[in-house]
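Let's take a friendly tour of a protein fold, one piece at a time. Have the structure open as you read.

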Amino acid sequence: MSTDLFCEILAGERPAFVVHSDEVALSFLDVRPVFKGHVLVVPRRHVETLADLPAADVGPFFERVQAVARAVEEAMEAAGTFVAMNNHVSQSVPHLHVHVVPRNRKDGLRGFFWPRTTYDSDDEARSYAAAIAKALARD
């Protein structure tokens, strides 16, 4: 396994506010969310970009992304979600990851300008992760 930040989280070497974990992917809160409830979905297999993900893994991985998008929308009572990934350019961690960001009309997000926020405490982050995990479990 590589030594990037997400591989360290996958290995349990770094903490994360986990929303869901299975044999395909790990989903956890972004520590610098665009909006609270912003989740990252990463494949367990270390690949740097979408082009590197084996074709057989694409469907199962995006089934997890789809489920997380539904759960974020429900748990955050959002009007929708913004689902995105970077490949190389603007990719802050060299491990494939998909951003699932809760959205509402007039929430201030314009184009690709991503203002960042923080959670007030670990307890607050834990409560967001738990709400999304609960919605995901209903799926």
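## A helix across the strands

Keep in mind that this is a predicted model.

How are the strands arranged? Five strands make up an open sheet, with the order β1-β2-β3-β5-β4 and antiparallel pairing. Strands β1 (18-21) and β4 stand at the edges with a single partner strand each, so one side of each has no neighbour in the sheet. From one strand to the next, the twist averages 20 degrees. Strands of a sheet pair through backbone hydrogen bonds, and the pairing can be parallel or antiparallel.

## Strand β4 and its partner

Five bridges link β4 to β5 (residues 98-103) in the antiparallel sense. Gly-80 has Arg-103 as its bridge partner in β5, while Ala-84 has His-99.

## A buried arginine

Next, find Arg-64 in helix α2, which spans residues 55-75. Is Arg-64 buried or exposed? Its relative accessibility is 17%, so Arg-64 counts as buried, the cut-off being under 20%.

The side chain of Arg-64 makes a polar contact of 3.3 Å with the side chain of Glu-23. The Arg-64 side chain also reaches the backbone oxygen of Pro-60, at 3.0 Å. Leaving aside residues up to four places away in sequence, Arg-64 touches Asp-22, Glu-23, Val-24, Ala-25 and Val-41.

Key. Residues are numbered from 1 along each chain as its sequence is written. This is a predicted model: local features need pLDDT of at least 70, side-chain atom pairs count only at pLDDT 80 or more; totals for chains, interfaces and linings use all residues. Side-chain values use heavy atoms; hydrogens and water are left out. Helices (H or I, at least four residues) and strands (E, at least two) are DSSP runs, numbered from the N terminus. Buried means under 20% relative accessible area, exposed over 50%, partly exposed in between (1.4 Å probe, protein chains only). A polar contact is a pair of N or O atoms within 3.5 Å; within protein, one must be able to donate a hydrogen and the other to accept it, and residues adjacent in sequence count only if both atoms are side-chain atoms. Contact means heavy atoms within 4.5 Å. Two strands pair if DSSP finds at least two bridges between them. Axes are lines fitted to C-alpha atoms, for helices over the stretch in contact, and angles run from 0 to 180 degrees between N-to-C directions.
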